[in-house]
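Let's get to know this one step by step, with a few questions along the way. Have a look at the sequence and the structure first.

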Amino acid sequence: MKKLVLSIVGAALCATSAVSAQEIKPFKEGERAVFLGNSITDGGHYHSYIWLYYMTRFPYMPITVVNAGIGGDTAYDMNKRLDNDVFSHNPTSLMVTFGMNDSGYFEYNGDNAKEFGEQKYQESISNYRNMEKRFKELPDTRIVMVGTSPYDEGAQIPNDNFHGKNATIERIIAYQINSAKENGWEYVDWNAPMMEINRKGQATDPSFTLCGTDRIHPDNHGHMVMAYLFLKAQGMAGKCVADVDINAKSMKVVKEENCKISDLKKVGRDIRFKYLAEALPYPMDTIARGWNMSHPQSEAKNCVPFVEEMNQEVIKVTGLSGKYKMLIDGEEIGVWSADEFAKGVNIAEISLTPQYQQALAIMRINERRWEIERQFREYAWCQHGFFQQEGLLNANNRKAIEVLDANVDKNGWLKGRRDRYAEMMHEPVRDAMKDEMKVLVDKIYEINKPVVREFELRKM
């Protein structure tokens, strides 16, 4: 698949127009944000990318983000596992997304596609209403309706294409939004802005899609677009990592936003100062992680203006002449001209900076946490996708494993999770894995605090 190079301005316009009328309250300290969904949530990264933003941008405000997705789920399936799997996380905020599986698949290519779409829509709404009743019983949980990412019918890729499916999804989302308005809940739609990005990309590369090779499961860059849209709806656009403005002639600090500059001095032709930010830059993964993924998170920068709007760590110095080498803690970062420094240099994307390396360690630890959490979602699939129907929910005994083994050859999904269940059916194993996740999160909130950095602008 060819790499998309979109106009940042065009991407910004389409994304901004889609969410400008929507608002989601930002998460606050101690928040337990649970994302309820299907396989797009289960195996996806968007919630992990959102948490990484909070880990680096608000280092003194710990929150918890929980993946509560299960592959293949519809609103009907989600409703069955609310108590055991979703509410058990004690969410202070609950993000609700469904519609991909609810809207059906192969029948769109049959003779009664329109009737089939109407049937699936009505089924989905009926199932959702049962969930809606339960959500109304949660006085201490705020509900956020999230319109699912699209089914991409426009990409020219060698895979099944169910024409009319996304139109049914759009109807489901419209019902969600109306439900949110009636109940005083918040909402955000991923579908429309992602479809617009897909269309723009396909104008130059017909195979481009954010939605993966199966048209359903967004790749990592798609998940980062989803994270961006969610964070934008939370009002994060314009919140910088830090913004520094120094006048080198008067040796005065003109601006220090979200940071503190101290010990500003001129040493010969060089300028030195100490810099303490209140946040870290957002690290972008350049590896395509996860099952069947072929695009890294960092490719989202070609689709939406995340860097321009949410990842700015600007060092601006006026009154210089010639070229200057920037060093941080004695390490060379790069060389810029006086004109470039006068305009402001965004160092948030420069991986050589010690603060980026600090953030990169957080990203790596968070990725390890994501991997363990994914194993819990495999275990949850076994419980709710199989054992609940067999009357053996959370049995975790000899009978359960016998029933599982009697069915593995009939159910490929079950067969693929047999070893995971055999491991995690033991409570001490699950407890050890929970302990490991806690250690990882504790370590993140231990090392995510910005420290004083020594800056030097050395005249070339």
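Predicted model: local features only at pLDDT ≥ 70, side-chain atom pairs only at ≥ 80, totals over all residues.

Q: Which residues does Met131 contact, leaving aside its neighbours within four places in sequence?
A: Contact here means heavy atoms within 4.5 Å. Once the neighbours within four places in sequence are set aside, the list for Met131 reads Leu36, Ala75, Met78, Asn79, Leu82, Val96 and Phe98.

Q: Which residues touch the most other members of the largest nonpolar core?
A: A nonpolar core is a set of buried Ala, Val, Leu, Ile, Met, Phe, Trp, Tyr and Cys residues joined through side-chain atoms within 4.5 Å. Buried means under 20% relative accessible area, exposed means over 50%, and partly exposed is in between, using a 1.4 Å probe and protein chains only. The largest core has 108 residues, and the ones touching the most other members are Tyr54, Met131, Phe135 and Phe306.

Q: Which helix gives this core its largest share?
A: Helices are DSSP runs of H or I with at least four residues, strands are runs of E with at least two, and both are numbered from the N terminus. The largest share of the core is 14 residues, and they come from helix H12 (residues 354-387).

Q: How far does helix H6 reach from its first C-alpha to its last?
A: H6 covers residues 113-136, which is 24 residues. The expected span of a helix is 1.5 Å times one less than its number of residues. For H6 that expectation is 34 Å, and the reach is close to it, at 34 Å.

Q: What do the buried residues of H6 pack against?
A: Among the buried residues of H6 are Phe116, Tyr121, Met131 and Phe135. The buried residues of this helix pack against strand S1 (32-37), helix H4 (75-80), helix H5 (82-86), strand S3 (93-96), strand S4 (142-147) and helix H7 (165-183).

Q: Which residue in S12 stands opposite Met326?
A: S11 and S12 run antiparallel and pair over six bridges. Strand S11 (residues 323-328) also pairs with S14 in the antiparallel sense, over five bridges, and there Met326 stands opposite Leu457. In S12, the residue opposite Met326 is Gly334.

Q: How many disulfides does the structure hold?
A: A disulfide is a pair of cysteine sulfur atoms within 2.5 Å. The sulfur of Cys211 is too far for a bond, since the closest cysteine sulfur, in Cys303, is 11 Å away. Cys240 is in no disulfide either, with the nearest cysteine sulfur, that of Cys259, 7.4 Å away. The number of disulfides is zero.

Q: Is Ile447 buried or partly exposed?
A: Ile447 is found in helix H16 (residues 427-447). Leaving aside neighbours within four places in sequence, Ile447 is in contact with Gln358, Ala361, Ile362 and Ile365. Its relative accessible area is 25%, so Ile447 is partly exposed.

Q: How far apart are the C-alpha atoms of Asn394 and Asn84?
A: Asn394 is found in the loop between H12 and helix H13 (398-405), and Asn394 touches Asn84, Tyr379 and Gln383, not counting residues up to four places away in sequence. Asn394 and Asn84 are 310 residues apart along the chain, yet their C-alpha atoms are separated by 9.3 Å.

Definitions and conventions:
Residues numbered from 1 in each chain as written. Heavy atoms only, no water. Pairing = 2+ DSSP bridges.
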